[in-house]
Amino acid sequence: MAADGHGLLDGKTGLIFGAMDERSLAWSIAEAADREGAEMALSNAPVARRLGSMDELAEQTGSPALWADATSDDDLEELFDDVQSELGGGLDFIVHAIGMGVNVRKDTSYEELDYNWYQQTLDISATSLHRIVRHGLESGAINDGASIIALSYIGAQRIFSKYSEMGDAKALLESIVRSFGYRLGERGIRINAISQSPTRTLAGSGIEGFDAMYQFANRAAPLGNADQASCADYAMTLLSDYTRMVTMQTLYHDGGFSSMGMSDEIIQDLTSAYAEAEEE
Ligand SMILES: NC(=O)c1ccc[n+]([C@@H]2O[C@H](COP(=O)([O-])OP(=O)(O)OC[C@H]3O[C@@H](n4cnc5c(N)ncnc54)[C@H](O)[C@@H]3O)[C@@H](O)[C@H]2O)c1
């Protein structure tokens, strides 16, 4: 873990969405951005003000806390106006760390999705990225050469049964990353998704079977699961100028999990579990 900053974001100004509490990926990313010399604003849904502790993070990093529902065009319009007046200029980076599976939360199976909730899931977890980039551009708040990142999960490419509708949401999110990446290129603006290991956060713990997904990935990945702090360090590289030619990518930050099939550890676990099952 990088204890001291390296000035990777010196002189940069950003906007970070999604810090609910100190377990949040956005929380660690904001702390790392602060360490690397960035000025920033923090944003979250109005309801998170009551449920979470982003105000503390805002105080700790000396950042304004701006409350906006990322599914509301009106809220986002206002947000981008406020951001520019609070920070006194445009943005060099945006972090989208927003997600929620409504059917997943309410334990509705994929076969029996409630389509209103499904629409909300897609709106919160994927379309919100489109809305944020759109309003950022329309308000003139995004600087040339800016870097935008969103947080994704390998459930966009492969089936993790309990991830259910969120797999669809992440597939859409990653597609929006590519579609906007093409259109933003002429201004040197890049946009990428970090596909992160299972991480113990509020959103993570809302998924049934999360512990099994966490343990499985941890046992398969040669480096083990990537935690919040390492995700934040990786994010710093993507927000810095060192990655200025990287865009439209889904970048796996998962300790190697995405390249694995079976590991010795999992073979041992399953061999004993299957042997026990046969004895019964
Ligand atoms: N935790 C994991 O295992 C994991 C793995 C890969 C990717 N991710 C992704 O990382 C991102 C951040 O999630 P996290 O794990 O840090 O959990 P988290 O619960 O801390 O963060 C999710 C955030 O989304 C915000 N949000 C929900 N609805 C919103 C709305 N309408 N408007 C604005 N904000 C809204 C919440 O308030 C919360 O701050 C999500 O996109 C998540 O899918 C998480």
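Start with burial: 45% of the 280 residues in the protein are buried. Here buried means 20 or more other C-beta atoms within 10 Å of a residue's own, exposed means 12 or fewer, and partly exposed lies in between, with C-beta atoms placed from the backbone. This is a predicted model: local features need pLDDT of at least 70, side-chain atom pairs count only at pLDDT 80 or more, and totals for chains, interfaces and linings use all residues. Residues are numbered from 1 along each chain as its sequence is written.

**Whole chain.** Switch to cartoon. The protein shows 11 helices and 7 strands; these are DSSP runs numbered from the N terminus, helices being H or I of at least four residues and strands E of at least two. The radius of gyration is 19 Å, close to the 19 Å of the globule rule for 280 residues, so the protein is as compact as a globular protein of that length. That radius is taken over C-alpha atoms, and the rule is 2.2 Å times the number of residues to the power 0.38. Along the principal axes, the C-alpha atoms fill a box of roughly 70 × 45 × 35 Å.

**Ligand.** Select the ligand and its shell. 28 residues surround the ligand, the closest being Ser24, Gly99, Leu151, Ala203 and Gly204. A residue is near a molecule if its C-beta atom, placed from the backbone, lies within 6 Å of it. Now colour α1 (25-35), β5 (142-152) and α8 (202-205): each supplies at least two shell residues. α8 gives the most, with 3 residues.

**Core.** Next, select Ile16, Ala26, Ile29, Ala30, Val95 and Ala235. Of the 68 residues in the largest nonpolar core, these touch the most other members. Such a core is a set of buried Ala, Val, Leu, Ile, Met, Phe, Trp, Tyr and Cys residues joined through C-beta atoms within 7 Å. Zoom in on Ala26. Leaving aside neighbours within four places in sequence, Ala26 contacts Ile16, Phe17, Gly18, Ala19, Val95 and Ala97. Contact means C-beta atoms, placed from the backbone, within 7 Å.

**Helix α2.** Go to residues 46-51 and pick Ala48. Ala48 counts as buried because 21 C-beta neighbours lie inside 10 Å. Beyond four places in sequence, Ala48 is in contact with Met20 and Met54.

**Two loops.** Select Asp107, between α5 (102-105) and α6 (115-138). Its phi is positive, about 65 degrees, although Asp107 is not a glycine. Asp107 is exposed, with 8 other C-beta atoms within 10 Å. Finish at Met248, in the loop between α10 (228-239) and β7 (250-253). Met248 also has a positive phi, near 65 degrees. With 17 C-beta neighbours inside 10 Å, Met248 is partly exposed.

Notes: Two residues are in contact if their C-beta atoms, placed from the backbone, lie within 7 Å.
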